[in-house]
Amino acid sequence: SGSRAYTKVDKTVIDQDEPIKKILTAIWKQYNNYSENKSRNILINGSTGVGKTETFRVLSRLLDVPMVITSATEYSATGYVGKSVDNMLIDLIRKADGDVEKAERGILIIDEIDKLSESNSGNSQINQRDVQEALLKILEDGVFDVEINHMNYQFDTSKLMVIGMGSWSRIDLTPSKSIGFGSKTVTKTYKDITREDIVKNGLIPELVGRFSVIVQMNELSFESFVKILKSPYNTVALN
């Protein structure tokens, strides 16, 4: 149940009550046929250590749904350097023990999606753009031909839930504008990050637009880190 899942995640992921509830609500809607459109796709923004990945590690043990957590930085559009994005779907089929229909109703979590930013000088900007466009095809409800052990499968992504995770906490924010005499430009904070900010910092608008829900993880205080260190559930480093 949702309350049981919330209790389990909340014990492990510290001081993220509201974000956890938003994530669980989206998952509940997905698996209760709440919506036929792609409103279930979520973009999660949070700094390293706040518990993005750990949230889904816990959920993967609770839900009877194939779930794959992968890093966007491992992939290329063609697969020549790094893995092809098709491998994400292959991993889901394997997670579902070869049951393609079950895999198609799974959850694909793409971590470090912010690293695909065209402004990220650490990687080829051409490849980053190509990977973004390849991911867009998965988000656009396409049918993919994939091969596993010389067997061909068709993977329909129209029922797939896609979670993009990244850290945009230090990007340049577009200032909020006030209108009127004597008005001042208001500096936005981390919690005010919009699609406009994310697009301005290097993700293509079409890709960002496919994530109709943005979940902001809370920045952790010193007290939060102390709670994490003292928690009996702190058996792994939170990501």
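Is the crossing of helix 2 and helix 3 left-handed or right-handed? I looked, and helix 2 passes helix 3 in a right-handed crossing.

**Ground rules.** I noted that this is a predicted model, in which local features need pLDDT of at least 70 and side-chain atom pairs pLDDT 80 or more, while totals for chains, interfaces and linings use all residues. Residues are numbered from 1 along each chain as its sequence is written, and side-chain values use heavy atoms, with hydrogens and water left out.

**Overall counts.** I found 9 helices and 9 strands in the protein. These are DSSP runs numbered from the N terminus: helices are H or I with at least four residues, strands are E with at least two. The protein has 239 residues, and 46% of them count as buried. Buried means under 20% relative accessible area, exposed means over 50%, and partly exposed lies in between (1.4 Å probe, protein chains only). I then looked at contacts, meaning heavy atoms within 4.5 Å. Among contacts with a separation of 6 or more, 71% join residues 24 or more positions apart. The protein exposes about 12,700 Å², and carbon and sulfur atoms supply 50% of that. The area comes from the Shrake-Rupley method with a 1.4 Å probe.

**Helix 2 and helix 3.** Helix 2 covers residues 17–30 and helix 3 covers residues 52–62. Their axes come within 12 Å and cross at roughly 40°. That makes helix 2 oblique to helix 3. I kept the cut-offs: under 35 degrees is roughly parallel, over 145 roughly antiparallel, 65 to 115 roughly perpendicular, and the rest oblique. The axes are lines fitted to C-alpha atoms over the stretch in contact, and the angles run from 0 to 180 degrees between N-to-C directions.

Which residues meet there? From helix 2 I listed Ile 23, Leu 24 and Ile 27; from helix 3, Thr 55, Phe 56 and Leu 59. By class, this contact has 5 nonpolar, 1 polar and no charged residues. An α-helix has 3.6 residues a turn, so residues three or four places apart point the same way.

**Met 161.** Met 161 is in strand 8, residues 161–166. Met 161 counts as buried, at 0% relative accessibility. Leaving aside neighbours within four places in sequence, I found Met 161 in contact with several residues, including Ala 26, Ile 27 and Gln 30. Arg 40, Asn 41 and Ile 42 are also among them, as are Gly 106, Ile 107 and Leu 108. Ile 27 also belongs to the contact of helix 2 with helix 3. Leu 139 is 22 residues from Met 161 along the chain, with 8.8 Å between their C-alpha atoms.

**Helix 4 and Asp 97.** In helix 4 (residues 86–95) I marked Met 88, Leu 89, Ile 90, Leu 92 and Ile 93 as the buried residues. Asp 97 counts as exposed at 74% relative accessibility. Most residues other than glycine have a negative phi.

**Asn 149.** I found another positive phi, about 50°, at Asn 149, also not a glycine. Asn 149 lies in the loop between strand 6 (143–148) and strand 7 (151–156). Asn 149 is exposed, with 65% relative accessible area.

Ile 204 sits in the loop between helix 7 (195–200) and helix 8 (205–209). Is Ile 204 buried or exposed? At 3% relative accessibility, Ile 204 counts as buried. I checked Ser 117 as well: 87 residues from Ile 204 along the chain, 8.4 Å between C-alpha atoms. Glu 133 is in helix 6 (residues 125–139). Glu 133 is partly exposed at 35%. Glu 133 and Ile 204 are 71 residues apart in sequence but 8.2 Å apart in space, C-alpha to C-alpha.

Methods
A crossing is left-handed if the near helix is turned anticlockwise from the far one by less than a right angle, and right-handed if clockwise. Ala, Val, Leu, Ile, Met, Phe, Trp, Tyr, Cys and Pro count as nonpolar, Asp, Glu, Lys and Arg as charged, and the others, Gly among them, as polar.
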